[in-house]
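Hi there,

Here is the structure I promised to pass on. Have a look at it first, and then read on for what turned up.

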Amino acid sequence: MSLRPTLSWLCLIILYFLGTLPVAGTQALAAVSGQEAFYLAVKEFEALSRERQRGMRRDSWETLEKRFADIQAHYPGLAPEALFYRGRTLEELGDRSKKKDDYQAAHDRYADLTRLYSTHPLADNACFNQAVLLAVSLRDELAAITRLNVLMERYPESDLFPEAMELRERLRDKKPSPSPSPPPVETKPQSKELRSVPLGNDAAQGPPSPLPSPENAPHPKAEERHRDADDRATAHQASLYAEAAARWRELLADKDKAGIRENWLKLEKDFLAAQATAPWGDMAAKAAYQAARCRYELAVRSGSKGDWLRAKDLFEDTAKTYPEHALADDSLYFLAEIRMSRLKQMEEGRRTALELIRLYPSGDMRLKTETLLQRHAPRAERVVPPRAASGATTGAAGTALLEQLGLTMKTIMVDAGHGGHDPGAVGNGLRESGITLDLAKK
């Protein structure tokens, strides 16, 4: 009896079971931490909100909403924040598309936040956002009043309590104000202009909606609810940064603790967490810079190439994200120093150093950068910063430093030394002062 059919069936069975095994990493997020993923997503949200052309594309907002959904699913510690930004993302999409489904989806995300994370600091903001969406965009005033009642009952200490009470009273009293000249109604910035522009295949049909009447006008404080959340995040960020900065000073002062790798990694994570709390807050750039410094200090002690590469990436991201901040040139200097002195990436390091000099000609890191260039300049090459191009003397090897500093040379003063009452060494009929004077004259 031939064994060929039996072996064939056996191979098929083995292949079947191999095919059912999951492929490792297929559903994993990119190799970044949760705080980094959330920070990058928030940065994209801010960019879409500012950029008119990209902000009018539906797929841009839908892709961003999926990014926040992935963060919510894979990083439970950031789930409430990610869920809140899912609501904000869909609300921004609704402001541009005028589609009720988009507003309803935003409302549902806020509802999930208040239901799943009722004690989170963002829960009252989500509840207020629900009420505003119901009153303004979904035209369900009774449901809006219900949500406002819930907010005031659950969160009596909320800073949104006065606004919630004011909006509830306005919704209850539908009669126009008896005053002869009612105040103008505030609307969201650019809302009229943006809503009149079609949004891909989901453009609203028919003529644009008329301006809101005083009776159903948006709540004057509607746009401020996001600013309130941002202010609270900024204050929280300042607190987190202050705590991390205190531990930074303690770590530098304690040699024993500074030699433990986990201490630097935890401190780096804390600074990144402070940055992610409010990516455009007052302390965001400082937090990002300090996170990079933590990895730099760790790399100095470990000598690990992986640590140097990580520090390089953190400094580069800080310089690109906050180019107007006072620490941008500091970040570029450390980036150039790591590339040239640690990773031996000479060409990339020189380009970084020259870019620093070009972007920040009056910065306090310019002199250190020029010294770095001089220290690593090949003998056969001379790296001249941009400002040295006009009037710099070239030719002699002794002028290399002058060229690096962007200076010119007109007169050389030589001090022979000795002379007068100090003849120097005397012997064999010779005086040191005479010999040095003869050499100086030559």
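A residue counts as exposed when its relative accessible area is over 50%. K66 has a relative accessible area of 56%, so K66 is exposed. Please keep in mind that this is a predicted model. K66 sits in helix 4, which covers residues 58-74.

The largest nonpolar core holds 52 residues, and the ones that touch the most other members are F38, F68, I71 and F128. Several helices supply at least two residues each to this core, among them helix 2 (34-50), helix 4, helix 5 (79-97) and helix 14 (284-302). The biggest contribution, ten residues, comes from helix 7.

Leaving aside residues up to four places away in sequence, F68 touches F38, A41, V42, A82, Y85, R86 and T89. There is also a second, separate core of 42 residues, including L267, Y289, C294 and Y333.

Helix 6 is worth a look too. Which residues of helix 6 are buried? They are D102, Y103, A105, A106, H107, R109, Y110, D112, L113 and T114.

Technical notes:
Residues are numbered from 1 along each chain as its sequence is written. This is a predicted model: local features need pLDDT of at least 70, side-chain atom pairs count only at pLDDT 80 or more; totals for chains, interfaces and linings use all residues. Side-chain values use heavy atoms; hydrogens and water are left out. Helices (H or I, at least four residues) and strands (E, at least two) are DSSP runs, numbered from the N terminus. Buried means under 20% relative accessible area, exposed over 50%, partly exposed in between (1.4 Å probe, protein chains only). A nonpolar core is a set of buried Ala, Val, Leu, Ile, Met, Phe, Trp, Tyr and Cys residues joined through side-chain atoms within 4.5 Å. Contact means heavy atoms within 4.5 Å.
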